[in-house]
Amino acid sequence: MKTLIRAGWTLWLPVLLVTIWWFASANSTNIYVPSLSRIVEVLWRDISSGLLIDAARVSLTNLAVGLLIAAAVGILLGLLIGETRRLRLILDPYIHFFRSVPQSALVPLIIGAMGIGAAPKIYTVAFACVWPILLNTIDGVRGVEPTIRSVSRVFGVPKLLYFRRVVLPGAMPQVVAGLRVALPIGIVVMVVSELFASNQGLGFYILNSSATFQIPETWGGALMVGVIGYIIVIMFSLFERRVLSWYFRSGAL
Amino acid sequence: MTTTHTRAPSAETKAPRRSALLQRDWSLLAQRLGALGIILALWQAAVLTGLLPSITPTVPEVTLGLWTAVTSTSFWTALGQTLSAATAGWIISCVLGVFLGLLIGPLRWLDRSTSVTVEFGRAFPTIALMPVILLLLGATTSMQITMVVLSALWPVLVQSILGARRLDPGIADTVRIYRIPRLLWFRRVLLPSALPFVTTGVRIAASISILAAVGIEVLTQVPGIGRMITLAQEAQRWDLAFAYLFFAGLFGWTVTALLARAESSLLAWNRQASG
Amino acid sequence: MTAPQSIHTGSLDVLGGEVLLDVSHVSMGYGDGEHEKRILEDLNLKVGHSEFVSIVGPSGVGKTTLLRGLSGLLPPKRGTVSVAGQTITGPHPDIAAVFQDYSRSLMPWMTTRENVAFPLQGQGVGRRERNRRAEESLEEVGLSGQGDKYPWEMSGGMQQRVAIARALAYHAKVLLMDEPFASVDAQTRFDLEDLVVNLREALGVTIVLVTHDVDEAIYLADRVIVIAEKPATVVDVIETGFGTVRDQVDTKADPRFQDARGRILTRLRKA
Ligand SMILES: Nc1ncnc2c1ncn2[C@@H]1O[C@H](COP(=O)(O)OP(=O)(O)O)[C@@H](O)[C@H]1O
Ligand SMILES: [Mg+2]
């Protein structure tokens with residue numbers, strides 16, 4: 001009963017908004033604003049035919065690979081730079097500069113140079129996402145307790161083990177925070193790169209629909225991307241709570 | 001997003017003794033320039049050895065491109081267009097987000113009712129709506145501003161709600177005891193109390209505004225620096241494309257740096273009060 | 001003046017003169033209906049003009065709850081609180097309050113002067129007048145010339161003085177204090193206690209102070225109300241008879257002080 005009331009409290013507004021949309025658009029005469037029922041209909045059609053599923057698989061694979069590359073590069077470099085004070089000081093302004101480049105501006109360059117296949121999209125995502133991960137990892141490494149550092153030194157812990165068992169776990173909360181910042185950037189860059197030029201993926205579905213004047217499909221594709229993006233972000237925060245449970249429990253926050 | 005940005009500036013940023021600072025700065029500057037030289041040399045080598053795609057311009061070409069860009073009026077016009085669209089969208093987002101956030105945050109029922117909607121809006125990749133908004137509004141500046149607002153509103157809104165929620169119960173009691181009128185309460189209590197969070201949202205919104213404005217220009221016919229990059233790329237003027245990209249980065253970096261500075265002077269009390 | 005050498009059992013009514021604060025059959029609690037957790041049961045108390053009343057009781061008995069009721073922050077479940085004959089329904093212009101957590105009741109983004117003047121701004125007092133009154137109150141609490149400092153630039157004791165100054169500048173008739181000196185060190189605490197004693201004498205404000213500290217309750221008050229049990233009720237009332245002047249050494253060595261102390265501690269141990 002209690003949970004039911006709570007669900008009611010949190011869900012009435014979204015339900016109301018969707019209902020309003022449903023009925024307000026039901027008799028829409030504006031060809032650019034199809035009725036919600038029509039959008040749902042075409043979405044359902046293209047999902048059951050597997051068209052949208054395939055498109056989503058392509059997009060999400062690009063996103064995942066790009067993010068993995070960004071994470072691998074960002075964390076490794078971050079550990080290295082974070083541990084080397086001098087290097088950190090020297091590279092700091094450059095990293096901040098690259099972090100500030102509006103990542104969407106990279107899209108025409110990379111795709112223009114490498115064509116419309118999957119690789120340039122993966123590179124764009126990776127390049128856009130690496131900076132926040134790198135910056136946060138550096139921050140995290142810097143934040144590792146000095147006492148923990150000196151204890152490892154006193155016991156002569158080998159360098160590799162020290163990185164793996166001391167620095168990385170210590171920096172983990174910040175690393176994950178970096179991933180959290182990178183994730184939405186990656187999604188946006190993925191969408192932009194597909195909308196810029198593509199022959200498959202969710203962006204292509206949207207682009208193709210709007211080019212051939214299939215308005216409900218355009219709306220449906222946009223909603224689909226949005227909902228997928230939302231689900232990814234939510235899943236990430238669940239994952240985060242899992243991975244970092246020691247951190248939340250220790251009350252370090 | 002919040003944890004990384006709301007962290008208090010570390011003690012390390014405090015200036016060391018003056019003379020030491022000056023000396024160290026010189027050698028650091030030299031090393032930074034050296035690093036820049038190495039980065040550029042690596043780039044040049046990569047282009048010459050064919051490691052990078054053949055169309056990648058060499059360092060001298062890009063340098064020339066930078067000069068061509070700053071001396072052309074079309075570049076400055078484009079920069080101005082991007083800047084004004086991003087700024088307009090950013091300001092609207094900030095005003096709307098702060099107002100709504102400070103309205104929602106202190107009211108528990110409203111906070112609970114809107115939480116899912118706000119969460120959804122924040123996680124929704126707004127750029128996906130671009131084709132739809134483009135259909136509705138065409139490739140116009142108002143379309144661009146709409147997209148910027150739809151993208152940048154959320155961080156301000158979310159941070160403002162968080163800020164308003166954390167009003168100290170002791171202060172809330174004080175305000176009630178002394179019967180502070182609603183408007184004065186809003187202006188002198190709720191707003192300053194939420195400010196450390198709000199400014200974080202405002203700062204994130206600024207980056208997103210630029211990102212969205214440039215993204216729209218890259219994807220549509222809306223004029224601006226993003227459009228210039230696309231046009232340069234289509235015309236195979238890679239030197240110019242890289243130059244514009246560089247300036248887009250410089251622009252983003254300047255905005256971020258200016259806002260960070262403004263924030264730290266605005267919130268002197270917060271740093272002190274929280275030790 | 002012939003000082004009686006033994007303490008008196010006091011009354012819940014005022015000795016003579018006008019009643020300023022009238023607490024009548026007040027019951028308080030949290031939650032509603034069958035879920036209600038009753039904290040205070042049928043409390044009666046009258047406080048006269050310029051009187052200093054301490055309410056003492058163990059931690060968790062409901063002192064803060066009671067003070068929230070008196071200040072209009074939390075309406076009583078039953079009974080009424082009235083000030084100068086007017087039943088209060090919420091925070092009232094005649095009532096000011098100082099809380100235990102000074103660091104949380106002052107606004108860190110305002111200077112000391114702005115903090116003190118803020119309630120006046122809420123009453124529509126003009127800038128010059130409110131700054132004048134703020135400065136005056138700061139002087140009364142021994143902080144003249146410190147108006148431009150921020151609360152976080154001050155020690156805990158000074159912050160609590162600012163909170164007191166804010167209450168004084170408001171020109172309320174009744175000053176409610178909830179364990180105001182619980183978070184400062186002993187010496188500062190004695191200074192603040194004497195400050196409050198002197199303010200009462202100089203300005204004639206009426207003070208109701210709650211504390212779990214028996215010594216403090218006796219030292220400051222004309223009348224000590226002892227509350228205990230669950231739900232809390234008045235279990236004893238003591239007339240101290242010290243007049244308006246106190247001394248940290250002499251007063252505390254006074255046999256009446258010792259008598260009262262023994263009596264209250266015994267009573268609280270029983271509860
Ligand atoms: N908001 C609340 N909701 C429910 N119970 C409360 C609340 N505030 C206080 N209490 C309970 O009321 C009792 C009295 O609290 P309080 O008035 O703070 O005591 P005191 O100030 O004497 O230490 C305590 O048992 C406490 O747990
Ligand atoms: Mg209490």
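Of the 271 residues of chain C, 55% count as buried. Before I go on, note that this is a predicted model.

Staying with chain C, the secondary structure comes to 9 helices and 11 strands. On overall dimensions, the C-alpha atoms fill a box of roughly 50 × 50 × 35 Å, taken along the principal axes. How does the radius of gyration of chain C stand against that of a compact globule? For 271 residues, the globule value would be near 18 Å, and chain C has 18 Å, so the two agree.

Next, the contacts. If we take those in chain C with a separation of 6 or more, 71% are between residues 24 or more positions apart. As for the surface, chain C has an accessible area of about 11400 Å², and carbon and sulfur atoms contribute 48% of that.

Now to chains A and B. A nonpolar patch lies on the surface there, with about 950 Å² of accessible area together. Which residues form this patch? From chain A we have Met1, Leu4, Ile5, Trp9, Trp12, Leu16, Leu17 and Ile20, and from chain B, Trp109. Helix α1 of chain A, residues 2-24, supplies the largest share of the patch, 7 residues.

A:Met1 is also a patch member, but its place is in the segment before α1 of chain A. Is A:Met1 buried or exposed? Its relative accessible area is 72%, and the cut-off for exposed is over 50%, so A:Met1 counts as exposed.

Note on methods: Residues numbered from 1 in each chain as written. Chains lettered and ligands numbered in written order. Predicted model: local features only at pLDDT ≥ 70, side-chain atom pairs only at ≥ 80, totals over all residues. Heavy atoms only, no water. Patch = residues over 30% accessible without salt bridge, like charges linked within 9 Å, V, L, I, M, F, W, Y side chains within 5 Å. Areas by Shrake-Rupley, 256 points an atom, 1.4 Å probe, with all protein chains shown as cover. Salt bridge = Lys/Arg side-chain N within 4 Å of Asp/Glu carboxyl O. Helix = DSSP H or I, 4+ residues; strand = E, 2+ residues; numbered from the N terminus. Buried < 20%, exposed > 50% of the residue type's maximum accessible area, 1.4 Å probe, protein only. Rg over C-alpha atoms; globule rule 2.2 N^0.38 Å. Contact = heavy atoms within 4.5 Å.
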